[in-house]
Every structure is written in C-alpha cells, then in structure tokens.
Amino acid sequence: MAGNATHHIASFFLVGIPGLENFHCWIGIPVCLLFALTLLGNSIILTTVKLEPSLHQPMYFFLCMLAMNDMCLTCSTALKMLGIFWFDEHWINFDACLTQMFFIHTLCIMESAILVAMAFDRFVAICIPLHYTSILTTPMVIKIGLVGLSRAILMIMPCPLLIKRLLYYTKYVIHHAYCEHMAVVKMASGNTQVNRIYGILVALSVTIFDLGLIVTSYIKILQAVFRLSSQNARSKALGTCVAHVCTILAFYTPALFSFLTHRFGKNVPASIHIIFAILYLLVSPTVNPLVYGAKTKQIRDRVVSLLFSQKQKF
C-alpha cells in the first residue's frame with residue numbers, strides 16, 4: 001500500500017455552493033458577518049467571565065470552553081469559505097483538506113461534549129445543590145474538558161488515516177464549501193465501505209450517547225423542579241436552563257438535518273444541503289454568546305457596565 005501514495009492527487013477543488021456560483025460574492029457577506037459576530041460575541045463572553053469574579057463558577061468555565069471551541073470551529077471553516085466566495089481560491093492541498101476535515105469534525109464532537117458537561121452542571125446544581133461545590137471543583141471541570149477533547153481526537157483521528165489508504169486518481173472536484181468527511185471519501189476511486197461505515201458509526205454514537213445523557217439530565221431536572229413547592233423557585237430553576245436548551249437546539253437541529261439529507265435526501269438539491277451544512281457550522285457559534293448574553297443576568301450586567309464605563313472615559 002506504500003506505493004499507492006504516488007497515486008494521490010495533489011489538490012482538491014472546492015466548488016462552494018453548487019448551482020449558486022454566480023451569487024458567491026453575495027453569499028460571502030452573511031458568512032463574513034457571522035464570522036465577525038462569532039469572534040466578537042465569544043471574545044466578549046471570555047473577557048466578561050475573566051474580569052467578573054462572581055462568574056468564576058463551573059457553569060461559566062464550561063461556557064468559556066464553548067466560546068473557545070466555537071471560535072476555533074468558525075476559523076477552521078469561514079476563512080476558506082470567504083476565500084472561495086470572494087477570491088475564487090477554490091483549490092486546497094490534499095493534506096490541508098484532511099487537516100481542515102479533522103479540525104471541523106473534532107471540534108463538532110468537542111462542542112457536543114461541552115453541551116453534555118453543561119447539562120451535567122445544571123443537573124448537579126438543581127438536583128443535588130448541597131454537593132455542587134464538592135463535585136464540580138475546578139480540577140474536575142478541567143478533567144471533564146480534557147476527557148471531551150481526548151474523545152473527539154480519538155474518534156476522528158482514524159478518518160484521515162483511513163482516507164490516506166484510499167486511491168485518488170481522477171476525481172478532485174468536491175461539491176462542497178469545505179472538506180467534509182463523506183464529501184472527501186466520495187472522491188476516492190476504490191472501495192470506501194469501511195470509511196462510510198466508520199463515519200456513520202461515529203456520527204450516530206456521538207449523537208445517541210450525548211443526546212441520551214442530555215435528555216436524561218433534563219428529565220431528572222424537571223422531576224426535581226416540579227417537586228419544588230414555590231412557583232418562584234420553579235421559575236428560577238428553569239430559567240437557568242433556558243440558555244442551555246437554546247444552545248442545544250441551535251447545534252443539534254441543523255446538524256441532524258444536514259446528516260439526514262446527506263444520507264437519505266436523494267431529492268434534496270445539493271445547494272440546500274450545502275447551505276444547511278454551512279449554517280450548522282456558523283450559526284450555532286454566533287447564537288451561543290447572544291443567548292447567554294441575553295439570558296444570563298451576570299453577563300448582561302457586566303457587559304452593560306463595561307460599555308458604560310468605556311463611554312464615560314470618552
């Protein structure tokens with residue numbers, strides 16, 4: 001198989017959004033806007049949590065992890081997309097394509113792990129509040145983050161390695177705006193069954209396992225909340241979960257649609273599939289800081305005070 005490396009094509013050609021090539025320059029505008037908002041919003045979250053001592057709690061440490069992950073995810077996709085849409089930089093080196101694919105899918109799995117950790121944080125805070133500080137210590141938060149990252153890397157690492165063993169002779173045009181696993185696999189000339197099966201197994205195992213844990217946490221949370229006698233206490237407890245639920249929906253809904261249309265949507269136009277695949281990677285990182293900024297009083301108050309203190313200086 002060592003000799004097969006010589007048969008690898010040097011580069012892939014990323015089309016962008018098939019059928020909408022004439023509108024690429026216009027499509028680049030919302031992509032750039034989402035990219036800028038993601039960097040701005042998540043930077044504000046990170047700065048606010050760092051400067052506000054009252055936010056030095058596990059819930060906000062997980063939020064910082066989410067913010068950093070979102071910024072990395074957006075950078076790994078939006079920059080190349082803007083190159084395609086605005087500067088006609090469609091070509092991408094074979095290894096660079098595999099690197100982009102590795103980072104995109106690793107960061108998506110990491111995002112899912114952080115959402116599970118945030119659900120666990122709410123579960124402990126609402127169901128066993130007396131043990132909250134003893135269970136979710138700072139070292140435990142760091143360990144949870146490292147376990148999530150290790151899982152993501154170990155699950156995705158076989159993907160580029162399995163692709164490396166495939167033969168790439170003639171097909172080099174990828175009808176996508178970034179190097180997505182299945183889109184790259186489809187370019188291979190040989191038998192890709194192992195790659196396809198592994199890709200589906202990773203996607204299903206992560207989704208079923210993580211969503212299972214999140215749903216279980218929220219069932220326990222709802223049971224605990226409805227046992228509370230005070231209506232005010234119920235509202236307060238559920239209020240702390242609203243932002244997290246919005247984040248889960250923003251991440252999993254387009255992800256699920258993108259996955260289903262890629263596997264089963266034979267009649268769905270390629271442009272629709274690609275647009276949803278782009279939204280899946282760009283919308284959630286933009287929405288997360290807006291949701292947490294609007295729904296979390298401490299963050300909202302701190303941002304407002306920072307803005308007003310800056311205005312007073314001028």
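The secondary structure of this predicted model comes to 11 helices and three strands. Read from the N terminus, the elements run β-α-α-β-α-α-α-α-β-α-α-α-α-α. The radius of gyration is 21 Å, close to the 20 Å that the globule rule gives for 314 residues, so the protein is as compact as a globular protein of that length. Along the principal axes, the C-alpha atoms fill a box of roughly 65 × 50 × 35 Å.

Next, the contacts and the surface. Take the contacts with a separation of 6 or more: 80% of them join residues 24 or more positions apart. Of the 314 residues, 46% count as buried. The protein exposes about 15,800 Å². Carbon and sulfur atoms supply 72% of that area.

Now set the UniProt record beside the model. The entry is unreviewed, and it annotates "transmembrane region" at residues 26–48, 60–87, 99–120, 141–163, 197–216, 237–260 and 272–292. Two of these spans can be followed in the coordinates. Residues 26–48 are 100% helix and 0% strand. The end C-alpha atoms of that span lie 34 Å apart. Residues 197–216 are likewise 100% helix and 0% strand. There the end C-alpha atoms are 28 Å apart.

Helices α1 (24–51) and α2 (58–87) each supply at least two of its residues. Ile 29 sits in helix α1. Is Ile 29 buried, partly exposed or exposed? Its relative accessible area is 45%. Buried means under 20% and exposed means over 50%, so Ile 29 counts as partly exposed. A residue needs over 30% to join a patch, so the 45% of Ile 29 clears that cut-off.

Finally, step to Asp 88. Where does Asp 88 lie? It is in the loop between α2 and β2 (91–93). Most residues other than glycine have a negative phi. Asp 88 is also exposed, with a relative accessible area of 58%. The cut-off for exposed is over 50%, so Asp 88 passes it.

Note on methods:
Residues are numbered from 1 along each chain as its sequence is written. This is a predicted model: local features need pLDDT of at least 70, side-chain atom pairs count only at pLDDT 80 or more; totals for chains, interfaces and linings use all residues. Side-chain values use heavy atoms; hydrogens and water are left out. Helices (H or I, at least four residues) and strands (E, at least two) are DSSP runs, numbered from the N terminus. Buried means under 20% relative accessible area, exposed over 50%, partly exposed in between (1.4 Å probe, protein chains only). The radius of gyration is taken over C-alpha atoms; the globule rule is 2.2 Å times the number of residues to the power 0.38. Contact means heavy atoms within 4.5 Å. Accessible areas come from the Shrake-Rupley method with a 1.4 Å probe; for residues, only the protein chains shown count as cover. UniProt positions are given in the numbering used here, feature names are shortened, and annotations may be inferred rather than shown by experiment.
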